[in-house]
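The sequence and structure come next.

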Amino acid sequence: MILILGGTGEARELARRVVGSSVADGVAASRPQVVSSLAGRVSNPALPVGEVRIGGFGGVDGLAQWLRDNDVSAVVDATHPFARQITSNAFEACARVGVPFLILRRPGFAPGDGWHWVDSVADAARDLPGARVFLTTGRQDLAEFAACPQWFLARMVEPPEPPMPHRIEVLLSRGPFTVDGELELMRSREIDVLVTKDSGGEMTSAKLEAARQLGVPVVIVRRPPLPPAETVADVDAAVSWLGTVGA
Ligand code: NAP
């Protein structure tokens with residue numbers, strides 16, 4: 001069985017491709033099945049096709065046990081570029097159990113002029129070059145801005161919980177977003193700085209083009225480092241890799 005660690009569009013696309021190829025070959029029953037795993041952070045997640053399991057494994061030990069119990073033949077980590085813990089856990093668990101492991105990570109955003117790169121969300125909060133902030137780093141990082149005096153427009157998928165900035169408008173939305181929509185949003189809120197993560201992908205890149213057109217500075221958080229595992233940038237390459245490891 002192939003385990004896809006998911007929570008991204010790429011993970012759903014990979015599941016669709018792997019499930020689809022098994023069915024097209026007419027050998028679904030004799031092929032390893034695919035199971036997609038989600039953390040369970042959002043209440044109404046976009047679900048991949050095929051089997052899905054939801055919730056943590058219980059660290060490296062729990063994941064290693066799960067790989068053994070389910071006779072997993074390969075693991076593809078297609079989680080979000082900022083989901084650092086699960087990627088590190090999966091790398092260790094696969095090494096321990098001897099299961100082939102691949103990281104599928106979309107490329108980061110094409111860098112723009114005058115972007116302020118920072119190493120962490122906490123660093124972004126320390127020195128904001130503006131008073132009206134468009135914040136798209138996600139619900140889990142909102143606490144880092146709790147002590148900031150600026151006004152925030154914070155966009156996220158699920159409602160946030162305190163601590164959070166005192167002066168805040170929360171916008172619940174999942175994307176994808178358009179440049180026109182982002183221009184309208186940023187103009188209407190008189191945004192003068194955008195804070196985001198280098199997530200990459202086209203679903204959320206429109207805000208960067210809108211910021212460029214409006215001359216709004218961008219504070220962008222660098223991706224965390226990856227473990228030293230084989231890494232590919234797109235679903236096609238992940239499908240090919242599954243073929244090479246015989247999964
Ligand atoms: P994280 O900090 O790397 O993971 C924290 C813990 O959550 C892990 O140790 C694991 O618990 C569990 N977990 C995470 N991803 C899992 C998965 N796909 N299946 C099963 N358990 C998982 O992760 P995160 O940043 O909270 O992200 C959680 C999920 O949301 C990921 O699947 C990611 O793809 C998605 N996501 C994250 C972001 C982001 O900005 N971080 C954005 C969009 C989507 P155990 O140790 O108990 O196994």
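For the charge count, Lys and Arg are positive and Asp and Glu negative, with His and the chain ends left out; each charge is placed at NZ of Lys, CZ of Arg, CG of Asp or CD of Glu. On that basis the chain has 24 positive and 29 negative charges, and their mean positions are 2 Å apart.

The model is predicted, so local features need pLDDT of at least 70 and side-chain atom pairs count only at pLDDT 80 or more, while totals for chains, interfaces and linings use all residues. Residues are numbered from 1 along each chain as its sequence is written, and side-chain values use heavy atoms, without hydrogens and water.

**Overall form**

The chain holds seven helices and twelve strands, taken as DSSP runs (H or I of at least four residues for helices, E of at least two for strands) and numbered from the N terminus. Its radius of gyration is 20 Å, close to the 18 Å that the globule rule gives for 247 residues, so the chain is as compact as a globular protein of that length. The radius is taken over C-alpha atoms, and the rule is 2.2 Å times the number of residues to the power 0.38. The C-alpha trace spans about 60 × 35 × 30 Å along its principal axes. Of the 247 residues, 44% are buried (under 20% relative accessible area with a 1.4 Å probe, protein chains only; exposed is over 50%, partly exposed in between).

**Domains**

Domain bounds come from an automatic or database domain assignment. Domain 1 comprises 2-107 + 226-244, and domain 2 comprises 115-221. Their C-alpha centres lie 29 Å apart. Eleven residues of domain 1 are in contact with eleven of domain 2 (heavy atoms within 4.5 Å).

**Helix H6**

Helix H6 spans residues 206-214, and its buried residues include Ala206, Leu208 and Ala211. Among the elements that cover the buried residues of H6 are strand E8 (151-156) and helix H5 (179-188). After H6 comes Gly215, with a positive phi near 70 degrees.

**Backbone exceptions**

Most residues other than glycine have a negative phi, and most peptide bonds are trans. The table lists exceptions.

| Site | Feature | Value |
|---|---|---|
| Pro162 to Pro163 | cis peptide bond | omega near 0 degrees |
| Gly175 to Pro176 | cis peptide bond | omega about 5 degrees |
| Asp71 | positive phi | about 50 degrees |
| Glu190 | positive phi | near 50 degrees |

Pro163 lies in the loop between E8 and strand E9 (168-172), and Pro176 in the loop between E9 and H5. Asp71 is exposed, at 63% relative accessible area; Glu190 is also exposed, at 57%.
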